[in-house]
Amino acid sequence: MEHITTALREAGKDVVLSHEEREDVWKRIRRSVHTRHDVVDRRKLPWERFIGSVYHLLYSQTFALGAFVIVAFASLSFSVTTAVSAALPGDSFYPMKIGLEDVASSMRWSEKSRGVWEAERAVRRLEEAEILATNDKLDAGKREFIRTTFGRHWQEAQKLASGLSTGGDAPSASAIVDELDSTMRAHVMVLSAVNDAMEEAPYHSGSTLQPLLEDVQEASESVYRSRREVTDAVRLANGTGMRTAAQERIHTATRSLEETRWLLRTGSGRYATGIVSAVEARGQFAVRMLTHAKQYVRHEDSASALDSAYLALQALEEGRVLLRMELRTHKESTQSSTGSGASFVGRESVDVTQ
Amino acid sequence: MVDRPLPPDEELAEAYGKYADAIFRHCYFRVFDRERGKELMQETFMRAWTYVSNSEKRKVQNMRAFLYRIANNLIVDEVRKKKELSLDELQKSGWDPGYDGVTEMQKRVEQNKIFALLHKVPREYREVLVMRYIDGLTPADIAGILGESPNAISVRLHRGIKQLHAMMGRGGK
């Protein structure tokens, strides 16, 4: 077999390109390459290399896998966060919600921010009670849990406000009690309406909101007294402090006005006509009060400015609570109309518009 | 000292100087057509140039193996597209491998006979026979180009030679 391989090797040696052929093919290669737009006959510039590397990165499998993992993780996180924030007493995510609130609480260093946060937590408990009651899921155990935690939060907020007031920071104390007072008044109104509806319903679980309602009314009165005291403290403070407190309250009320407008805009079509009229009336009143408050500030009458801004804030808070309740009942009635029977608290049964 | 890479045109010009004949020979012995062999060789270098120019990071480690791989892919495409011409047809149409001055008539006759038989050998054997004995590549090089193990290449070479030998014994039947 040796002669075969030798013959093949010998034959290969004879097959060569002539010098002219080599040159001719090389010229054709160069010409062809230079006319192709996708070939550059030079080293790429730094920015071209950067663009190229980004392009390769974007189309690499690693990038696609990484992007998928990030999107999946973000979606999961978002779902869990949504589930946690919407959790109610009795839900599996609820302990996590409370735990996160505790963590958030421990991360608030100033007394003012802690006080505002405790006020916010107290209001959250009331909202949970309203949702549970509206869905006929408020049993005695959950109600007592809410009563306990609500009491703890509002008392803590009030304590912090008193501490600030006696410490000389009346404007900060005013911010806390203003928040507590206005929201509690609004929730007393809503809870009363829901409680009435529950008691009038032909078939209800027997567990009413009454004990919680009494707690909230009592808390509201206590907070109101605190607010008066804090306001007096502000009045007694020097003019600059009172002016600052008035401006802060005007600022809070203006923000609340914007939020109310936003709620009205985004929920268009989902609110009953009576609710919209009630909220609009409160909004117009708030605008009037805010205008007065600003005029009072300009004329150095900070005490009157404080009062006017407070009235605006309270009216707006009532409006916002009405809208939130309306959204919830609308959602509930939509769900029940597609399936499991009507909720005993319908849109018409809660008359809190007056 | 940093070994700076050559620009694409210089790198390819250098590769062309070194491997143009080898790639041409490889193409020629696979398609048995001198002009087509030149065209395939030209296309091989053009594709290599395109690759080297457009990829900063994809540095070619072994230019010879890279060129063979491109050429081999082009030939496979070519064969798929067009059935190979029979040797008889090639001879009738003036087939000439490009000898310029044959010295030994005996040798020429023997080589012609082997070429005729090489054309009849199945493609998988012919491919490795050309690479090994005409192109002068080692079984390891061939394995790298074809993406197979050196053992498999050696076995195929052995079988290819055996088949050529058997055909010669049978008078090319």
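Glu300(A) is placed in the loop between α11 and α12 of chain A; helices here are DSSP runs of H or I with at least four residues, strands are runs of E with at least two, and both are numbered from the N terminus. The model is predicted, so that local features require pLDDT of at least 70 and side-chain atom pairs count only at pLDDT 80 or more, whereas totals for chains, interfaces and linings use all residues. Residues are numbered from 1 along each chain as its sequence is written, while chains are lettered from A and ligands numbered from 1 in the order in which they are written.

The backbone of Glu300(A) has a positive phi of about 60 degrees, although this residue is not a glycine. Most residues other than glycine have a negative phi. Glu300(A) is exposed, because 10 other C-beta atoms lie within 10 Å; the limits are 12 or fewer such atoms for an exposed residue, 20 or more for a buried one, and anything in between for a partly exposed one, with C-beta atoms placed from the backbone.

The two chains may next be viewed as a whole. Chain A has 12 helices and 0 strands, and chain B has 8 helices and 0 strands. Of the 354 residues of chain A, 32% count as buried; for the 173 residues of chain B, the share is 32%. Contacts, defined by C-beta atoms that are placed from the backbone and lie within 7 Å of each other, can be sorted by sequence separation. Among contacts with a separation of 6 or more, residues 24 or more positions apart account for 74% in chain A and for 66% in chain B.

Apart from neighbours within four places in sequence, Ile176(A) is in contact with Lys112(A), Gly115(A), Val116(A), Ala119(A), Ala157(A), Leu160(A) and Ala161(A).

How do α7(A) and α8(A) pack, and at what angle? Their axes are 7 Å apart and form an angle of about 155 degrees; axes are lines fitted to C-alpha atoms, for helices over the stretch in contact, and angles run from 0 to 180 degrees between N-to-C directions. The two helices, α7(A) and α8(A), are therefore roughly antiparallel, given that angles over 145 degrees count as such, those under 35 as roughly parallel, those from 65 to 115 as roughly perpendicular, and the rest as oblique. Residues making the contact include Trp154(A), Ala157(A) and Leu164(A) of α7(A), together with Ala173(A), Ile176(A) and Leu180(A) of α8(A).

The axes of α6(A) and α8(A) come within 10 Å and cross at roughly 5 degrees. The two helices α6(A) and α8(A) are thus roughly parallel. Among the residues in this contact are Lys112(A), Val116(A) and Leu126(A) of α6(A), and Ile176(A), Leu180(A) and Val190(A) of α8(A).

A further helix pair joins the two chains. Helix α1 (residues 2-14) of chain A and helix α6 (residues 123-134) of chain B have axes that come within 8 Å and cross at roughly 75 degrees. α1(A) and α6(B) are therefore roughly perpendicular to each other. Here Thr5(A), Leu8(A), Arg9(A), Ala11(A) and Gly12(A) in α1(A) meet Leu129(B), Tyr133(B) and Ile134(B) in α6(B).

Within chain B, Ile145(B) lies in helix α7 (residues 139-146). Ile145(B) counts as buried, because it has 26 C-beta neighbours inside 10 Å. The C-alpha atoms of Ile145(B) and Arg69(B) are separated by 5.2 Å, although the two are 76 residues apart along the chain. Beyond neighbours within four places in sequence, Ile145(B) is in contact with Ala65(B), Tyr68(B), Arg69(B) and Asn72(B). Val79(B), in helix α3 (residues 63-81) of chain B, counts as partly exposed, with 14 C-beta neighbours inside 10 Å.

Key: Contact = placed C-beta atoms within 7 Å.
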